[in-house]
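Please study the sequence and the structure before reading the solutions.

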Amino acid sequence: MKIGIINEKKDNRVAIVPDLVKKLIDEGNEIIAEKGCGASALYDDQSYQEAGAKLSSRNDVLQSSALICSIIPLEKEDYKLLPEDAIVISSFQPYHNLDQTEVAVTKKLTVFSMDMIPRITLAQAMDVLSSMASIAGYKAVITAANHLPKYFPMLTTAAGSIPPAKVLVMGAGVAGLQAVATAKRLGSVVQAFDTRAAAKEEVQSLGAKFVEVEGAKDDKAAGGYAVEQTEEYKQKQRDKIFEEAVKADVIITTAQLRGKPAPTLITKEMVAQMKNGSVIIDIASSTGGNCELTEDQKTVVKNGVTIIGNSELAADVPNHASQLFSKNVHNFIKTFLKEGKAEIDLENEILKSSCIVSDGKLVYEK
Ligand code: NAD
């Protein structure tokens, strides 16, 4: 199988790092990589060549790859260059951008969306959502610390005492828990909340306080994802958030609802009451954001509050993010790539859930 690696036009990461190139070649594949594909993640062309990859132009990679893997979906014009029956792997988020697959169905492509891999134990090592969310949670805190005109830790110095920063994390899933752990390590006082009952123990085990809002809907049947809450609960939650938000120096929001816009947790009225100089990092910005004033991929300052909307913070840690993404991709393609040949069994739960186009037909149902 000839596997292609391209230079991500809008991202600093690369889907396959040189270590994986070597493994894939040992497993009976050929690798063709676009020149400079790993440069912004600090994997240079020489390391790809030493691992056994052939370096070439973007067009050549696209035209000759039987399997192509990217972090951000290819551009529409890229699909036109792919061989008729190529396999394409990326994160399409079809819940939100189904039109991404339109071009794919004009050919006999088979398209897998890594974000659709089911969250079952067997697939944990392929879970790009978790590996990227964990990095995003860490980087959100570092970014907040960078913008906050205050210290994070408590300090007692000869020049006086500094109180610790107060951090509030909304949504204690993978990104939120990593944010809690990072903010704790930096010495701040951390509180977090989530609608999922299971999150309470996880937050407390990291030494943070869990902000409780009673009456959340049961989410046990949602496969690890949150469910939309009742209006009554949402109002109770907004009142509680308001109380905590006005005291916070930093708010990290990560709350997402699969297939739906992110819930609004911070209203503009709350922002108006927040402390001057405080910082909101909204990781849910690509699906609408948890703060009403968030603008995706932008930093805005409203009433003295810096609001950063960024769902791609993992791209700001490109070296390690690429390493982890690569490992997830390898574990995924091993489910169908045997001795250099693709044997796609769509009865396999992992392949069935993640396949959005099979043999040119859209098989994903919204
Ligand atoms: P996510 O990105 O979909 O959402 C982030 C968090 O926001 C979740 O914890 C969610 O409960 C929370 N949230 C949603 N609406 C909210 C609201 N209105 N108010 C407050 N919080 C709200 O979720 P995620 O981080 O990808 O994962 C969620 C859960 O799934 C975690 O418990 C994680 O451990 C679990 N998980 C399991 C596996 C596995 O078993 N293979 C893999 C990954 C994640």
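A residue is called buried at under 20% relative accessible area, exposed at over 50%, and partly exposed in between (1.4 Å probe, protein chains only). Helices (H or I, at least four residues) and strands (E, at least two) are DSSP runs, numbered from the N terminus. The model is predicted: local features need pLDDT of at least 70, side-chain atom pairs count only at pLDDT 80 or more, and totals for chains, interfaces and linings use all residues. Residues are numbered from 1 along each chain as its sequence is written, and side-chain values use heavy atoms, leaving out hydrogens and water.

**Exercise 1.** Determine which residues of helix α1 are buried and what they pack against.

Step 1. In α1 (residues 18-26), Pro18, Leu20, Val21 and Leu24 are buried. They lie on the same side of α1, because their arc around the axis (taken from the directions from the axis to the C-beta atoms) is only 150°.

Step 2. Asp19 and Asp26 are exposed on the other side of α1.

Step 3. With contact meaning heavy atoms within 4.5 Å, the buried residues pack against β1 (2-5), β2 (30-34), α2 (45-51) and α10 (318-333).
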